[in-house]
Amino acid sequence: MPPRQRLSPADRRAQLLAVGARLFAARPYDDVLMEEVAEEARVSRALLYRHFPSKHALFAAVYQEAADRLLAETRLDPADSLVEQLVQGMDVHLDYFVANRSAVLAANRVLAGDPVIQTIMTNELDTLRARLLAVLPLADEHTREAVSGVLKSWLVFVQVLCVDWLTHETCTRTELRDICVGAVIGALRPLFAEDPAPEWPSRQSDTGV
């Protein structure tokens with residue numbers, strides 16, 4: 001092994017996370033070995049285990065970092081239309097899902113019952129729901145509660161649909177994105193006095209009905 005580069009603890013952790021993210025993205029969870037992470041990072045296994053005591057701990061840290069990055073890159077700007085915000089947010093997440101298929105499938109299939117991974121997912125979905133509530137024109141508390149319930153269910157729907165799509169790819173990426181955006185717009189429309197997304201065509205306008 002080449003001489004190990006001396007890094008600060010924070011920089012070493014970041015390096016190990018980068019190596020872990022790359023390996024978990026490329027291969028199924030069970031095929032990634034901690035020994036391989038150490039070899040790729042050019043560190044001893046002892047040093048790797050000082051930072052991450054198990055493969056599960058490394059994966060959880062990689063997935064938490066990814067969730068934080070996705071939240072940072074999801075721009076919900078009130079200056080944009082609801083459709084623009086939804087499309088931008090979906091594109092950010094789909095870009096990550098496609099580039100990190102194995103990691104996403106590991107989190108949602110292999111580690112589906114793991115409380116640490118589920119907490120990371122739940123926290124991200126709750127943050128996204130709160131951000132969407134903040135940019136929607138909610139008339140009163142009753143509307144807010146109804147919209148919050150719709151968004152909570154929609155975010156779970158998107159998660160399940162995207163994981164299934166990563167496995168089977170039964171439609172194009174653009175079709176998947178538009179299905180997800182259209183689903184929430186259709187669900188929200190009955191709750192608002194004015195159409196929250198007038199630029200998004202309804203099925204009736206598409207067919208002339």
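A crossing of two helices is left-handed if the near helix is turned anticlockwise from the far one by less than a right angle, and right-handed if clockwise. With that in hand, here are the close-up views. The model shown is predicted, so local features need pLDDT of at least 70 and side-chain atom pairs count only at pLDDT 80 or more, while totals for chains, interfaces and linings use all residues. Residues are numbered from 1 along each chain as its sequence is written, and side-chain values use heavy atoms, with hydrogens and water left out.

**View 1. Helices α8 and α9 cross in a right-handed sense.** Helix α8 spans residues 141–168 and helix α9 spans residues 173–188; their axes come within 10 Å and cross at roughly 165°. Axes here are lines fitted to C-alpha atoms, for helices over the stretch in contact, and angles run from 0 to 180 degrees between N-to-C directions. The two helices are therefore roughly antiparallel (angles over 145 degrees; under 35 is roughly parallel, 65 to 115 roughly perpendicular and the rest oblique). Helices are DSSP runs of H or I with at least four residues, numbered from the N terminus.

**View 2. Side by side, α8 meets α9 through residues that include W154 and W165 of α8.** Contact means heavy atoms within 4.5 Å. The contact divides into 16 nonpolar residues, no polar ones and one charged (Ala, Val, Leu, Ile, Met, Phe, Trp, Tyr, Cys and Pro count as nonpolar, Asp, Glu, Lys and Arg as charged, and the others, Gly among them, as polar).

**View 3. N100 sits in the loop between α5 (82–99) and α6 (101–110).** At 14% relative accessibility, N100 counts as buried (under 20% relative accessible area; exposed is over 50% and partly exposed in between, with a 1.4 Å probe and protein chains only). Leaving aside residues up to four places away in sequence, N100 touches A21 and A25.

**View 4. F24 and F59 form one of five aromatic pairs.** Rings of Phe, Tyr and Trp (its six-membered ring) pair if their centres lie within 6.5 Å; planes under 30 degrees apart count as stacked, over 60 as edge-to-face and the rest as tilted. F24 and F59 are edge-to-face, 4.9 Å centre to centre with 90° between the planes. This pair links distant parts of the chain, with F24 in helix α1 (residues 9–26) and F59 in helix α4 (residues 55–73), 35 residues apart. F24 is buried at 1% relative accessibility, and F59 is buried at 1%. Together with Y29 and Y63, F24 and F59 form one aromatic cluster.
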